[in-house]
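Biologist: I am new to this structure and would like a short tour. Could we look at it together?

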Amino acid sequence: MKQNLLDFDVRQLTAWFAENGEKPFRAKQVLRWIYKSGESDFDAMSDLAVSLREKLKQIACVEAPKVMREELSDDGTRKWLLDMGTGNAVETVYIPEETRGTLCVSTQAGCALDCAFCSTGKQGFNRNLSTAEIIGQLWWANHQVGKDADGNWQISNVVLMGMGEPLLNFDNTVSALRLMLDDHAYGLSRRRVTVSTSGIVPAMDRLRDECPVALAVSLHAPNDKLRDELVPVNQKYPLNELMAACQRYLEKAPRDFITFEYVLLDGVNDRDQDARELVKLVRDVPCKFNLIPFNPFPQSPYRRSNPETVRRFRDLLMQADIVTTIRKVRGDDIAAACGQLAGQVQDKTKRTMQRLTEVH
Ligand code: SAH
Ligand code: SF4
């Protein structure tokens with residue numbers, strides 16, 4: 001089988017070139033073709049010797065995941081459904097804004113963590129995506145969205161907030177992050193690449209040491225009792241450990257705050273007392289809050305908080321000097337909003353069936 005070059009970060013590609021008797025700078029040349037020009041055809045890599053091009057054609061390829069479907073929202077959001085083989089699919093979402101273009105990338109087919117309000121979690125876990133499948137989402141989307149007048153890719157920001165828990169697919173995620181950051185590949189600033197995690201404490205420490213980027217932590221509850229229920233991984237890494245990990249992360253982070261994501265569920269975590277308890281919880285962690293209106297999906301037991309409650313919740317945090325934004329709902333007409341990404345993942349854990357049986 002041919003080696004997919006999207007599977008290598010810079011160091012790995014250089015090592016692979018060496019194994020094949022090629023000089024390190026050749027690896028850098030090839031990287032620039034793949035990521036700066038978006039090229040997948042070795043014949044077009046005109047500054048490589050013809051003999052090297054022939055050799056690469058024999059043993060290597062540049063292959064992003066196959067796209068099964070594209071959808072376009074009224075607000076310009078674009079969603080691609082990518083085929084991951086054996087009945088699995090994941091989704092990638094492009095969100096254009098005035099001053100930036102953001103791509104929301106998936107890291108796993110399904111997710112094992114089963115958060116109560118998340119449609120990806122409801123499908124159970126199928127498998128980790130490879131480095132090629134993660135970086136391939138950006139490679140493909142760049143192709144589709146294209147460059148601006150200055151010749152830069154229009155996608156200026158990447159958030160790992162699609163399907164899956166990035167820190168439970170650590171190695172492949174970090175290789176893909178390195179390609180996003182490396183000057184020979186996409187060269188994005190660390191501040192423009194955000195990992196979102198439900199709070200896998202040991203992996204947060206590893207990320208800080210190995211590849212610090214902006215960090216978003218999905219909080220969703222002000223105390224362990226409620227968080228155990230909404231984000232079950234909290235039973236393993238409770239809030240006091242999570243807050244300490246956030247503080248450690250900030251010692252080396254490219255930004256001087258953590259973004260806490262908080263999905264507002266009507267009557268569950270959106271009361272005044274929840275906001276007050278939150279303020280106390282995050283007292284020692286420099287942070288911003290991003291409040292996310294809940295995006296419903298079939299069979300979800302929750303309702304979106306009303307806009308008045310959302311604003312009130314924001315005001316209570318702001319009064320405590322915490323910068324708080326309310327996330328705009330984008331692309332919900334094509335089910336591309338947070339937590340609606342479903343793909344067509346085979347439910348290996350049969351959770352959905354269990355739940356249906358429990359209900360009936
Ligand atoms: N697993 C990681 C990243 C993917 S989820 C994490 O949990 O952080 C990305 C974000 O979408 C998380 O903040 C998650 O809590 C939020 N989310 C999940 N389901 C949602 C829903 N139904 N409505 C709104 N946001 C949701
Ligand atoms: Fe997994 Fe994140 Fe969904 Fe929780 S919110 S189930 S961690 S994808």
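Biologist: How confident is the prediction, in terms of average pLDDT?

Modeller: The average pLDDT of the protein is 91, and 92% of the residues score at least 70. Over residues 346–360, however, the pLDDT is below 50. In the model, that stretch has 27 contacts beyond near neighbours in sequence.

Biologist: Back to aromatic rings, then. How many aromatic pairs does the structure hold?

Modeller: There are eight aromatic pairs. In one of them, the ring centres of Phe-260 and Phe-289 are 5.5 Å apart and the planes meet at 45°, so the pair is tilted.

Biologist: Why does 45° make the pair tilted?

Modeller: Planes under 30 degrees apart count as stacked and those over 60 as edge-to-face, so the pair at 45° falls in the remaining class, tilted.

Biologist: Is Phe-260 buried or exposed?

Modeller: Phe-260 is buried, with a relative accessible area of 0%.

Biologist: Which residues form one aromatic cluster with Phe-260?

Modeller: Tyr-262, Phe-289 and Phe-313 form one aromatic cluster with Phe-260.

Biologist: And which charged residues lie over rings?

Modeller: Two examples can be given. Lys-147 has its charged end over the ring of Trp-153, 4.5 Å from the centre. Lys-288 lies over the face of Phe-257, with 4.2 Å to the ring centre.

Biologist: Changing topic: which residues come nearest to ligand 1?

Modeller: Around ligand 1 there are 20 residues, of which Phe-117, Gly-164, Ser-196, Ser-218 and His-220 come nearest. A backbone N or O atom of Phe-117 is 2.8 Å from a nitrogen atom of the ligand.

Biologist: What about oxygen atoms of ligand 1?

Modeller: A polar side-chain atom of His-220 lies 2.6 Å from an oxygen atom of ligand 1. For Glu-261, a polar side-chain atom lies 3.1 Å from an oxygen atom of ligand 1.

Terms used: Residues numbered from 1 in each chain as written. Chains lettered and ligands numbered in written order. Predicted model: local features only at pLDDT ≥ 70, side-chain atom pairs only at ≥ 80, totals over all residues. Heavy atoms only, no water. Phe/Tyr/Trp six-rings, centres within 6.5 Å; stacked < 30°, edge-to-face > 60°. Buried < 20%, exposed > 50% of the residue type's maximum accessible area, 1.4 Å probe, protein only. Lys NZ or Arg CZ within 6 Å of the ring centre and 35° of its normal. pLDDT = per-residue confidence, 0-100. Contact = heavy atoms within 4.5 Å. Near = heavy atom within 4 Å. Polar contact = N/O pair within 3.5 Å; in protein donor to acceptor, adjacent residues only side chain to side chain.
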